[in-house]
Amino acid sequence: MKKKVLFICVHNSARSQMAAALLNKRCGEFFEAQSAGLEPGKLNPLAVEVLREMDIDISKNKTQAVFDVFKSGELFAYVITVCDESEATGCPIFPGVTTRLHWSFPDPSKFPGSLEEKLEQTRKVRDKIENQIRRFCAEHRGS
């Protein structure tokens, strides 16, 4: 049975969306990932584009509130915050046997510069997330 993983960031627009998509693609036989945000916004087109470069399509994804997921009563083996430390403090504690992890990544919606500069910075975040996903898969798929 697949272990459920919930990725949380502030707006559920980039970091958590990328993390869930990458985990489902790289390690989907062991894990089923979802994402949510503290204050859901709109899907970040930069995240959509940098994942499209890897043949992962999240363009139809919706953003959702972490509290709606919490209220649903769904149980997760792992809840992973992917925002910075100050943003992570507002995340709820999920019921059940949950391992809570924190991976800090910068917010693509706050990147300055031209579109190409923002895309390049978002690619770097995507690559950092992917490296963390690969480590997570290697460490946790058998547990």
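How many helices and strands does the secondary structure of the chain come to? The count is 5 helices and 4 strands, and the model you are looking at is a predicted one. Read along the sequence, these elements follow the pattern β-α-β-α-α-β-α-β-α. The chain has 143 residues, of which 48% count as buried. If we take contacts between residues at least 6 apart in sequence, 68% of them join residues at least 24 apart.

- Helix H2 spans residues 45-52, and its buried residues are Leu46, Ala47, Val48, Val50 and Leu51.
- The cover over those buried residues includes helix H1 (15-27) and helix H5 (115-140).
- At the start of H2, Asn44 brings a side-chain oxygen to within 2.7 Å of the backbone nitrogen of Leu46.

**How H1 and H2 pack**

- The axes of H1 and H2 are 10 Å apart, and the two helices pack at an angle of about 25°.
- Angles under 35 degrees count as roughly parallel, and H1 and H2 are therefore described as roughly parallel to each other.
- The handedness of the H1 and H2 crossing is right-handed.
- On the H1 side, Met18, Ala21 and Leu22 take part, meeting Ala47, Val50 and Leu51 of H2.

**Ser16 in helix H1**

- Ser16 has its place in helix H1, and it counts as buried because its relative accessibility is 0%.
- Which residues is Ser16 in contact with, leaving aside its neighbours within four places in sequence? They are Phe7, Ile8, Cys9, Ser35, Ala36 and Val82.

**Aromatic pairs and their cluster**

- A search of the whole structure turns up 5 aromatic pairs.
- One of them joins Phe31 and Phe136: the ring centres are 5.0 Å apart and the planes stand at 45°, so this pair is tilted.
- That pair links distant parts of the chain, since Phe31 sits in strand E2 (residues 31-37) and Phe136 in helix H5, 105 residues apart.
- Phe31 counts as buried at 1% relative accessibility, and Phe136 is buried with a relative accessible area of 2%.
- Phe136 also pairs with Trp103, this time edge-to-face, at 5.8 Å centre to centre and with 70° between the planes.
- Trp103 lies in the loop between strand E4 (99-102) and H5, whereas Phe136 is in helix H5, so the pair ties together parts that are 33 residues apart in sequence.
- Are Trp103 and Phe136 buried or exposed? Both Trp103 and Phe136 are buried.
- Phe7, Phe31, Tyr78, Trp103 and Phe136 make up one aromatic cluster.

- Asn12 is not a glycine, yet its phi is positive, at about 55°.
- Asn12 lies in the loop between strand E1 (3-9) and H1, and with 0% relative accessibility it counts as buried.
- Asp55, another residue other than glycine, has a positive phi near 60°.
- The loop that holds Asp55 runs between H2 and helix H3 (66-72).
- Why does Asp55 count as exposed? Its relative accessible area is 69%, and exposed means over 50%.

Definitions and conventions:
Residues are numbered from 1 along each chain as its sequence is written. This is a predicted model: local features need pLDDT of at least 70, side-chain atom pairs count only at pLDDT 80 or more; totals for chains, interfaces and linings use all residues. Side-chain values use heavy atoms; hydrogens and water are left out. Buried means under 20% relative accessible area, exposed over 50%, partly exposed in between (1.4 Å probe, protein chains only). Contact means heavy atoms within 4.5 Å. A polar contact is a pair of N or O atoms within 3.5 Å; within protein, one must be able to donate a hydrogen and the other to accept it, and residues adjacent in sequence count only if both atoms are side-chain atoms. Rings of Phe, Tyr and Trp (its six-membered ring) pair if their centres lie within 6.5 Å; planes under 30 degrees apart count as stacked, over 60 as edge-to-face and the rest as tilted. Axes are lines fitted to C-alpha atoms, for helices over the stretch in contact, and angles run from 0 to 180 degrees between N-to-C directions. Angles under 35 degrees count as roughly parallel, over 145 as roughly antiparallel, 65 to 115 as roughly perpendicular and the rest as oblique. A crossing is left-handed if the near helix is turned anticlockwise from the far one by less than a right angle, and right-handed if clockwise.
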